[in-house]
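The sequence and structure are shown first.

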Amino acid sequence: MTLADILTSLFPMGHVAEERDGLIFGRGTLPGGDPIQILGVVDQTALGVEGALALAGRVLEIAASADSDPILVVIDSASQRMSRRDELLGLSEYLAHLAKALLLAETSGHRTIGLLYGGSAAGAFIATALSTGMLAALPGAHPAVMDLASMARVTKLPIEVLTAKAETTPVFAPGLDNLAKTGAIHAIWDPARPLSDQLAELLASPAGDDCRAQLGLDRGGRPKAAAISARVIAEARRG
Amino acid sequence: MTALPSGLSWLEASARQRLAALLDPGSFAEFIGPEQRERSPHLRLFDLPEQFDDGMIVGRATLCRTPVLVAAQEGRFMGGAFGEVHGAKLTGLLRAATLLGRDVLILFDTGGVRLQEANAGELAISEIMRAIVDLRRAGNRVIGLIGGRAGCYGGGGLIAGCCSALIVSEQGRISVSGPEVIETNKGVEEFDSRDRALVWRTMGGKHRYLIGGADGYVADDPAAFRAATQSALGRSPGLDLSMLHAEHQRLTRRLARFGNARDGTDVWSTLGIADPDAIPGLADDDFRHLADACREVADDAR
């Protein structure tokens with residue numbers, strides 16, 4: 001699905017959106033007539049200091065407003081922009097700023113829903129999709145921490161070996177299904193059904209604590225994370 | 001504040017040595033210690049050695065008699081990288097701190113996500129960031145200490161960006177994409193990772209302190225880290241919308257002021273430093289004295 005198709009299916013009552021410099025900003029109307037804010041990264045754009053700052057600025061505007069509009073974050077990005085200039089300026093702070101803005105918007109009463117419909121990777125993925133309260137994805141989305149070819153260089157393993165291992169373990173291999181198994185993605189939407197209904201279902205489910213470790217356990221992608229965290233908490237409280 | 005040197009290099013020390021030298025003697029009690037042998041369930045797939053603490057040490061302690069929870073990464077094991085167990089120990093510690101109302105110290109030493117368990121590591125970083133935000137919203141501090149051999153790269157840089165205060169030494173590097181990653185993806189013309197001086201000027205502790213990317217600059221010495229940590233425990237902990245608005249203004253100003261700089265020396269020159277080429281060679285006390293007169297600061301805007 002193209003982004004235009006996706007937005008049309010999400011908002012049969014209409015939406016407005018403007019794209020600039022690989023970012024999107026807009027507003028849609030939910031079936032009940034309530035507004036929802038739209039922002040995100042489009043066209044496989046790498047997220048650099050300017051983009052992260054612009055997105056965070058919009059999130060902070062929304063968070064400061066008196067209403068409680070939910071925020072839909074749509075994502076088809078590359079990784080963080082890899083450049084000497086971005087790192088000189090402290091890209092880590094800009095990406096963390098965006099992540100904090102999204103997390104604080106959620107706790108300020110604005111539900112944040114991520115929709116991964118294309119690519120995303122590494123720091124850009126953490127600062128956008130993974131910083132929303134709930135993350136949905138469409139089939140064909142292709143998140144990756146790192147592609148297998150780069151991974152082969154870093155781990156010094158032949159790509160054939162990595163490809164074979166990727167078939168038996170979801171924990172390191174790129175791809176939507178592998179990431180979903182670890183608990184990162186709450187729902188993979190069905191493009192044959194109206195996306196508006198599927199968004200309504202997510203918005204109707206209660207916002208809550210971070211349950212991704214439990215999801216990862218239930219789906220078999222992260223066997224230990226939930227139990228390890230719980231044991232640390234238990235030992236800390238015992239003292 | 002000047003602390004008596006301990007003779008131990010923070011850079012060279014192991015994570016356990018750092019903890020022993022940083023905290024009140026005998027005060028550290030570990031959670032899920034190595035005797036419990038909680039190893040990575042994934043490394044054996046790659047025929048890689050495991051470690052009984054998975055490179056992450058967490059527990060409770062006191063620092064100058066203030067109770068804290070503390071986490072330390074062992075950069076000598078898998079480059080201090082975040083895997084499933086490694087990350088989950090820190091997530092649990094942060095959530096425990098929210099329940100107990102404790103401040104947390106994180107001794108970073110990490111190359112980022114552990115690629116052999118990349119999906120689990122990436123998600124662990126997001127869970128840690130969310131747990132830090134929750135802990136700070138509850139009114140507690142998270143202080144990051146950065147001066148290890150592996151630096152603070154990748155997702156580690158994003159976690160550091162969520163802390164309420166950061167303390168760095170000259171050797172501490174904070175960045176998302178490391179030099180090798182930039183060079184591999186964009187070519188040696190964009191970043192020559194073998195040019196160590198360029199690495200320090202772009203992401204090293206002095207540069208980060210000058211642009212307000214860190215709040216404390218210390219010598220490569222546990223006693224100096226301890227004194228600066230004690231001071232940071234007195235800082236305002238809060239994370240709310242007004243703080244984020246202040247951070248937004250701070251980062252907007254940084255981009256406007258330094259956005260055209262090509263090198264660290266251009267940034268330092270803009271700050272008003274007459275001889276920017278001399279910065280890398282300055283001794284720690286001389287550097288701090290010079291920097292404190294002109295640097296950007298992040299007070300209550302982090």
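## Salt bridges between the chains

In this predicted model, Glu38(B) has a relative accessibility of 12% and therefore counts as buried, the limit being under 20%. Its side chain meets that of Arg231(A) in a salt bridge, with 2.5 Å from N to O. Arg231(A) belongs to helix H11 (residues 225-238) of chain A, whereas Glu38(B) is in the loop between strand E1 (29-31) and strand E2 (56-63) of chain B, so the pair joins two chains. Arg231(A) is partly exposed, at 29% relative accessible area.

A salt bridge also forms between Arg84(A) and Asp263(B), whose closest N and O atoms are 2.7 Å apart. This pair likewise joins two chains, because Arg84(A) lies in helix H3 of chain A and Asp263(B) in the loop between helix H9 (241-258) and H10 of chain B. Asp263(B) counts as buried, with 11% relative accessibility.

## A salt bridge within one helix

Glu61(A) and Arg58(A) are joined through their side chains by a salt bridge of 2.7 Å, N to O. Both residues lie in helix H2 (residues 49-64) of chain A, three residues apart, which is about one turn of the helix. An α-helix has 3.6 residues a turn, so residues three or four places apart point the same way. Arg58(A) is partly exposed, at 23% relative accessibility.

## Salt-bridge total and network

Over all chains, the structure holds 40 salt bridges. Side chains of opposite charge can pair when their charged atoms come close.

Which residues are joined into one network by salt bridges that share partners? From chain A, the network takes in Glu93(A) and Lys100(A). From chain B, it takes in Asp215(B), Arg235(B), Glu247(B), Arg250(B), Arg254(B), Asp299(B) and Arg302(B).

## Cavities

Rolling a probe the size of a water molecule over the atoms shows where empty space is left. Two cavities of 30 Å³ or more are found in a search of the whole structure. The largest cavity holds about 40 Å³ of space. Chain A contributes Ser92(A) and Glu93(A) to its lining, and chain B contributes Gly157(B), Ala160(B), Gly161(B), Leu166(B), Ile174(B), Arg208(B), Gly213(B) and Arg302(B). At least two lining residues come from each of helix H4 (91-107) of chain A and helix H4 (155-160) of chain B. By class, the lining of the largest cavity has three nonpolar, four polar and three charged residues.

The second largest cavity has a volume of about 30 Å³. Its lining consists of Ala129(A), Leu130(A), Thr132(A), Gly133(A), Met134(A), Leu135(A), Ala184(A), His186(A) and Arg212(A), together with Arg130(B). These lining residues divide into five nonpolar, three polar and two charged.

## Buried residues and their packing

In helix H6 (residues 196-203) of chain B, the buried residues are Leu198(B), Val199(B), Arg201(B), Thr202(B) and Met203(B). Against which helices do the buried residues of H6(B) pack? In chain A, their partner is helix H3 (84-88); in chain B, the partners are helix H5 (179-186), helix H7 (205-210) and helix H10 (264-270).

Asn178(A) is part of helix H8 (residues 176-182) of chain A. With a relative accessible area of 14%, Asn178(A) is buried. Apart from neighbours within four places in sequence, Asn178(A) is in contact with Pro170(A), Ala173(A) and Asn119(B).

Key:
Residues numbered from 1 in each chain as written. Chains lettered and ligands numbered in written order. Predicted model: local features only at pLDDT ≥ 70, side-chain atom pairs only at ≥ 80, totals over all residues. Heavy atoms only, no water. 1 Å grid on protein atoms, 1.4 Å probe; cavity = no way out; pocket = protein on both sides within 12 Å on 5 of 7 lines; lining within 4 Å. Points joined across faces, edges and corners; volume = space filled by probe spheres on them. Helix = DSSP H or I, 4+ residues; strand = E, 2+ residues; numbered from the N terminus. Nonpolar A, V, L, I, M, F, W, Y, C, P; charged D, E, K, R; others polar. Buried < 20%, exposed > 50% of the residue type's maximum accessible area, 1.4 Å probe, protein only. Contact = heavy atoms within 4.5 Å. Salt bridge = Lys/Arg side-chain N within 4 Å of Asp/Glu carboxyl O.
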